[in-house]
Amino acid sequence: MLPRVSEAVERSLAAAAESQSRTNAFLALAPERARASAAAVRPDAPLAGVPVAVKDNICVAGLPATAGSRALEGFVPPYTATVVERLEASGAVVVGKTNLDEFGMGSTNENSAYGPVLNPHDPGRVAGGSSGGSAAAVAAGVVPLALGSDTGGSVRLPAAFCGVVGFKPTYGALSRYGLISYASSLDQVGIVARDVGVARRAFHAMRGPDELDPTSREPGPAPASTGRVAVLRELSGEGMSRDALEGLARARSALAEAGLEVVEVSVAAVEYAVAAYYLIATAEAASNLSRYDGATFGARVGDPAEGQAAVSARTRSALFGPEVKRRVLMGSFALSAGYRDAYYGRAVRARGLVAAGLAAALAGVDALLTPTAVSTAYRLGEKLADPVAMYAGDVATCLANLAGLPAVSVPAGAGDDGLPVGVQLIGARWSDDALLDLAERLSGALAA
């Protein structure tokens, strides 16, 4: 075993255990597996000995995969997600599984069946969701790298709230095999990291097509650089807090000082994005979660002698949390006879308008610049009584998921409350490497 690898893994395991009472970031630690993996690391591996935390809706053989739900309590998958296999083949060492909003449904990480994740900067604030455990683990210094999933901003929002980097690649760039589905046309494995360089190394280790995932593919041609970045007008004024707008202003100035031309563009269809996103996501969730019926997948509540309908109703009522029930009901209604075209069909058409508008806006620039979140991290409980307000907080991040585009959040200073502020860059399809280059340039300029 390489001494430095062993030391890094032991430090990470100790930090995870020490910080757990302050953050609730982990649902399971894997010391034995981590030590065995560390012993097998090749010294020339590109990620040799880098400790990594994995969101608990991404499967790792032999470790629990609860997806933050009682419905999957006790489930231990016999297989490992392709992205995790590729990270481990590159020398990374999995140290544990991180907490999340149940089945990835939430923007605050307060919807986990195992308690909320607390922000390492202020335990009275949320870490953001649904990949809050991964972001908190990185922000607390437990690991330099963590995997999450991003359906409408679930990697970028917690990254912004916790003051770290969050990257959602182009849809199809990373395999989704082994990711427990929420909304399949929107879900993407994402990366949380202490800096852009670590995120880039992890992305390069994991990317590429996978025969186990038909949505994965070889990258297409990246657009040529223009030396311009555009601020999206619809997300640079009303609806954004002063902290968010000041972070945007700092990023805009930093890019200009770094030699880039900063212009403004408008995408009128942004006003439809949140509504379209939540109708599509909940409709797909209603379909994907129908498998948790007390018979095929997950735990069971009730006596089979009562009949499948009764067992299914008991199981779902007892084991799904309030937010999951809300979204399944919403999605079922959107797909129901007589309402499908009025709701789901219109949402799909709106999605097309959003994608077309973003493509047109990106035609003459390298990236779109927006705040990542509407404010700094919310207070615990602040959004639970008003889910619609929580949904509205995804206005900037859901754009990239609707269009399948790459997007990255980087820290951009702090708000008046001392909490981190993030800004987001959205790139054209398959511009992932160029987008990470730009994000690294922005991060350097902001830190100067």
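Predicted model: local features only at pLDDT ≥ 70, side-chain atom pairs only at ≥ 80, totals over all residues.

Q: How many bridges join E2 to E3, and do the strands run parallel or antiparallel?

A: Five bridges link E2 with E3 (residues 93–98), and the two strands run parallel. E2 also pairs in the parallel sense with strand E6 (residues 145–150), over three bridges. In that pairing, Ala53 has Ala146 of E6 as its bridge partner.

Q: Which residues of E2 point one way, and which the other way?

A: In a regular strand, side chains alternate between the two faces of the sheet. Here Pro51, Ala53 and Lys55 point one way from E2, while Val52 and Val54 point the other way. Five of the five residues in E2 (residues 51–55) are buried, so the strand is described as mostly covered, buried being under 20% relative accessible area.

Q: Asp150 lies in strand E6. Is Asp150 buried or exposed, and what does its side chain reach?

A: Asp150 is buried, with a relative accessible area of 0%. Its side chain reaches the backbone nitrogen of Ser154 at 3.5 Å, and a polar atom of the Asp150 side chain lies 3.2 Å from the backbone nitrogen of Val155. Setting aside residues up to four places away in sequence, Asp150 touches several residues, including Arg156, Lys168, Asp187 and Asn401.

Q: How many disulfides does the structure hold?

A: A disulfide is a covalent bond between the sulfur atoms of two cysteines. This structure holds zero disulfides. As for individual cysteines, Cys59 is buried at a relative accessible area of 1%, and Cys398 is buried at 0%.

Q: Which residues touch the most other members of the largest nonpolar core?

A: In soluble globular proteins, nonpolar side chains tend to be buried together. The largest nonpolar core here has 68 residues, and Phe103, Leu368 and Leu399 touch the most other members. Among the elements that each supply at least two residues of this core are strand E9 (228–232), helix H8 (270–288) and helix H11 (341–362). H8 gives the most, with 12 residues.

Q: What is Leu368 in contact with, leaving aside its neighbours within four places in sequence?

A: The contacts of Leu368 include Ala230, Val265, Leu358 and Ile426.

Conventions. Residues numbered from 1 in each chain as written. Heavy atoms only, no water. Buried < 20%, exposed > 50% of the residue type's maximum accessible area, 1.4 Å probe, protein only. Helix = DSSP H or I, 4+ residues; strand = E, 2+ residues; numbered from the N terminus. Pairing = 2+ DSSP bridges. Disulfide = S-S within 2.5 Å. Polar contact = N/O pair within 3.5 Å; in protein donor to acceptor, adjacent residues only side chain to side chain. Contact = heavy atoms within 4.5 Å. Core = buried A, V, L, I, M, F, W, Y, C linked by side-chain atoms within 4.5 Å.
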